[in-house]
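Hi there,

Here is the structure I promised to pass on.

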Amino acid sequence: MRLIVVDNYEEMSKKAASIMASQIILKPESILGLATGSTPLGMYKELIKMYNDGEVDFSQVRTFNLDEYYGIRRDNEQSYYYYMDNNFFKYINVKEDNINIPNGTAEDVEQECINYDKRIKESGGIDIQVLGIGVNGHIGFNEPDVNFEAQTHLVKLDKKTIESNARFFNSIEEVPVKAVSMGMKTIMNSKKIILLANGINKADAIEKTMKGKISPEVPASILQLHNDVTIIVDKAAASKL
Ligand code: GLP
């Protein structure tokens, strides 16, 4: 695991955006694995700036998002589809047909999960996957558990995740209790991974991810087994290393 410690959120976002942009410059038809949450927002802003300045072109990239809430329609402001469109996609020239986000309202969710993994595989696999991290060490929505789920699957969200994501909703009761998420194998199959974290509330999770024992209790710890992971953290998130 490569560790990059930066001073603050802005620097973390800039570093991550540069890595993503380099990937796309080197391979314009890159397959990007994308994440939601507050962490990558700054990176998306930087990438939009780079696009506006003519430094990066998204016309050939294909994207796969990590996860989506279950039971929430795409046009709902809380959906990750809405988040991606409003924070990134609508400002760049990615083709709509090249955007993939799990469908959280699919009638047959099991089939939706199988199809999602199939689409990733058929695309040639994810070249670079961006990850945030939950305070409990989750990646995507792979929650701490006694087992790892390998493929894209339906997850029951952890109490901690529901509490921490409640800040985006009017009340905790509105937070969906389930989500569709890429599994650990899907994530581990990515050729490169960058994990971003900022703030003191992520320090514990980062320490366990990098220094802890590899265990499904801390899903991000399995990244220790991947051979191309870069962790970009601000000083606060790195404070327990
Ligand atoms: C969410 C998402 C994750 C994200 C994490 C951290 O629940 N499913 O993909 O990395 O929680 O979120 P944040 O960046 O807002 O701290």
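Below are my notes on the ligand site and on the salt bridges.

Before you start, please keep in mind that this is a predicted model.

**The ligand**

Where does the ligand sit? It is found in the largest pocket. There are 13 residues around the ligand, and those that come nearest are Ser-38, Thr-39, Asp-67, Arg-167 and Lys-202.

Thr-39 has a polar side-chain atom 2.4 Å from an oxygen atom of the ligand. For Asp-67, a polar side-chain atom lies 2.8 Å from a ligand nitrogen atom. The side chain of His-138 places an N or O atom 3.1 Å from an oxygen atom of the ligand. As for cover, the ligand taken alone exposes 390 Å², and the protein buries 95% of that.

**The salt bridges**

How many salt bridges does the structure hold? The count is 10, and I picked out a few for you.

One of them pairs the side chains of Lys-14 and Glu-10, at 3.2 Å from N to O. Both residues belong to helix α1 (residues 9-26), where they are 4 residues apart, about one turn of the helix. Lys-14 is partly exposed at 38% relative accessibility, and Glu-10 is also partly exposed, at 46%.

Another salt bridge links Lys-191 with Asp-127, with 3.4 Å between the closest N and O atoms. Lys-191 is in the loop between α6 (184-188) and β9 (192-197), while Asp-127 is in the loop between α4 (109-122) and β6 (128-131), so this pair ties together parts that are 64 residues apart in sequence. Is each partner buried or exposed? Asp-127 has 6% relative accessibility and so counts as buried, as that is under 20%. Lys-191, at 42%, counts as partly exposed.

The side chains of Asp-204 and Lys-240 also meet in a salt bridge, at 3.4 Å from N to O. Asp-204 lies in helix α7 (residues 203-211) and Lys-240 in the segment after β10 (229-234), so the two tie together parts that are 36 residues apart in sequence. Asp-204 is partly exposed, with a relative accessible area of 34%, and Lys-240 is partly exposed with 45%.

Happy browsing, and do write back with any questions.

Best wishes

Note on methods: Residues are numbered from 1 along each chain as its sequence is written. This is a predicted model: local features need pLDDT of at least 70, side-chain atom pairs count only at pLDDT 80 or more; totals for chains, interfaces and linings use all residues. Side-chain values use heavy atoms; hydrogens and water are left out. A salt bridge is a side-chain nitrogen of Lys or Arg within 4 Å of a carboxyl oxygen of Asp or Glu. Buried means under 20% relative accessible area, exposed over 50%, partly exposed in between (1.4 Å probe, protein chains only). A residue is near a molecule or strand if one of its heavy atoms lies within 4 Å of it. A polar contact is a pair of N or O atoms within 3.5 Å; within protein, one must be able to donate a hydrogen and the other to accept it, and residues adjacent in sequence count only if both atoms are side-chain atoms. Accessible areas come from the Shrake-Rupley method with a 1.4 Å probe; for residues, only the protein chains shown count as cover. On a 1 Å grid over the protein atoms alone, a cavity is a set of points where a 1.4 Å probe fits but cannot get out, and a pocket is an open set with protein on both sides within 12 Å along at least five of seven lines; lining residues have an atom within 4 Å of a point. A molecule sits in a cavity or pocket if more than half of its atoms lie within 2 Å of its grid points.
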